[in-house]
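Good morning. I will go through one structure today, from its domains to its core. Please have the sequence and the model open.

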Protein chains: 2
Amino acid sequence: MSEQVHALTRAERRRRTEDRILVAARDLFVRLGYERTTIRAIAAAAEVDPSLVMQYFGSKDRLFRQAASLPQDKDLTGDPEGLTEHLMTMLGLKLGGLPQASLTALRSALTHPEAAERVRQVQAHHVSQIGAGMAGMAGEDAELRAALIVAIMLGVTIERHLIELGPLRDASYDEITELLRPCLETLTRPG
Amino acid sequence: MSEQVHALTRAERRRRTEDRILVAARDLFVRLGYERTTIRAIAAAAEVDPSLVMQYFGSKDRLFRQAASLPQDKDLTGDPEGLTEHLMTMLGLKLGGLPQASLTALRSALTHPEAAERVRQVQAHHVSQIGAGMAGMAGEDAELRAALIVAIMLGVTIERHLIELGPLRDASYDEITELLRPCLETLTRPG
């Protein structure tokens with residue numbers, strides 16, 4: 001019994017440390033972009049040893065992918081401001097650059113059916129999460145609204161990093177989010 | 001002199017016939033989608049012989065690409081309603097399906113630098129046209145707003161036709177435009 005309590009406490013402690021690392025990683029990825037963010041800087045911001053970051057997340061790539069996911073918990077539900085902020089963070093992560101593995105996955109998704117299936121699964125998961133976050137607000141079309149949000153983020157990411165369309169390649173994170181926020185809010189805050 | 005007048009008149013007559021064909025083509029592509037629209041139906045709607053459509057536009061692919069372009073003239077300038085309607089028509093054309101050549105070009109754009117350059121040029125042209133259409137309304141960030149509009153259309157097109165994300169693959173044209181119109185209006189009608 002006391003061993004189980006002890007185990008839970010360790011699991012809980014680990015979860016909190018992971019959360020602190022994820023928050024620090026998000027902040028740095030958004031501010032500095034993927035390339036210029038180091039594991040060492042994330043560890044320093046989270047006040048942990050860099051080896052712990054590697055032990056918990058495996059690599060900068062994998063840490064990025066986890067940082068770019070929406071929270072797994074119920075935090076999003078019924079709070080349009082919170083949802084919009086999470087979406088802006090996700091967008092910020094994508095605007096600041098993507099790991100080579102993610103860019104490759106994106107390219108392959110459009111040319112290889114198996115890769116498309118993987119991207120579709122990840123995106124469908126995002127759609128459910130965002131859709132759940134809008135439940136009660138958006139009604140029946142929550143899933144379609146969520147899918148449009150995912151599509152908009154994909155389009156902006158592809159234009160900035162793969163097609164390198166001039167104005168989107170050169171604009172700052174702030175310029176882009178300032179224009180895109182009202183646009184996304186028409187989808188997260190219906191009515 | 002009279003020969004020149006005659007030549008101008010013929011050129012003008014041809015331009016008007018081409019316009020009529022383009023209007024009919026847009027209408028059918030949006031209502032029926034690319035696959036189900038035939039040259040014969042377009043010719044009937046435009047009240048011309050099908051051979052004239054082929055003579056003027058070469059192929060259904062090329063007619064589609066011209067129908068999906070924005071008007072070359074000054075019609076867009078300073079009229080937010082007109083601009084939004086044009087954007088909705090462009091979106092409708094893309095939602096209804098794309099010619100195989102366009103899908104292939106889109107796929108290649110993300111994997112081959114030369115193809116990316118071609119897509120970038122076409123999109124940069126759209127950005128200037130849409131940006132010019134917003135001149136006086138949007139001020140300095142007109143180009144970035146236009147680029148975001150192009151990015152949103154790209155994202156929705158890719159999700160629907162290449163990744164086939166469930167809600168976007170299955171939704172009707174009307175469902176999608178109803179949700180996307182207010183979103184695009186935040187970009188075409190600032191302030």
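Let me start with the domains. Chain A is assigned domain 1 (1–60) and domain 2 (68–191), with bounds that come from an automatic or database domain assignment. Six residues from domain 1 of chain A and seven residues from domain 2 of chain A take part in the contact; two residues are in contact if their C-beta atoms, placed from the backbone, lie within 7 Å. On the side of domain 1 of chain A that touches domain 2 of chain A, three residues are nonpolar, one is polar and two are charged. Here Ala, Val, Leu, Ile, Met, Phe, Trp, Tyr, Cys and Pro count as nonpolar, Asp, Glu, Lys and Arg as charged, and the others, Gly among them, as polar.

Two remarks on conventions. This is a predicted model, in which local features need pLDDT of at least 70 and side-chain atom pairs count only at pLDDT 80 or more, while totals for chains, interfaces and linings use all residues. Residues are numbered from 1 along each chain as its sequence is written, and chains are lettered from A and ligands numbered from 1 in the order in which they are written.

Now the secondary structure. Chain A has 10 helices and zero strands; helices (H or I, at least four residues) and strands (E, at least two) are DSSP runs, numbered from the N terminus. Of the 191 residues of chain A, 38% are buried. Buried is the word for a residue with 20 or more other C-beta atoms within 10 Å of its own, exposed for one with 12 or fewer, and partly exposed for one in between, with C-beta atoms placed from the backbone. Among contacts in chain A with a separation of 6 or more, 61% join residues 24 or more positions apart.

Next, the two chains together. Where do they meet? In this interface 39 residues of chain B are in contact with 39 residues of chain A. The elements of chain B that give two or more residues to it are α6 (100–109), α7 (113–133), α8 (142–163), α9 (166–170) and α10 (173–188). The largest share, 15 residues, comes from α8(B). By type, the chain B side divides into 26 nonpolar, five polar and eight charged residues.

How are the copies related? Chain B superposes on chain A by a rotation of 180 degrees with 0.0 Å of shift along its axis, RMSD 0.0 Å, using least squares on the C-alpha atoms of residues with pLDDT of at least 70 in both. That is the relation of a two-fold axis. In chain B, the C-alpha nearest the axis belongs to Gly155(B), 1.8 Å from it.

Two loop residues deserve a look. Most residues other than glycine have a negative phi. Glu47(A), however, has a positive phi of about 55 degrees; Glu47(A) lies in the loop between α2 (39–46) and α3 (50–57) of chain A, and is exposed, with 10 other C-beta atoms within 10 Å. Glu164(A) also has a positive phi, near 55 degrees. Glu164(A) sits in the loop between α8 (142–163) and α9 (166–170) of chain A and counts as partly exposed, with 14 C-beta neighbours inside 10 Å.

Last, the core. Which residues touch the most other members of the largest nonpolar core? Of its 102 residues, they are Ile149(A) and Ile149(B). Such a core is a set of buried Ala, Val, Leu, Ile, Met, Phe, Trp, Tyr and Cys residues joined through C-beta atoms within 7 Å. Not counting residues up to four places away in sequence, Ile149(B) touches Leu87(B), Ile130(B), Leu184(B) and Leu187(B).
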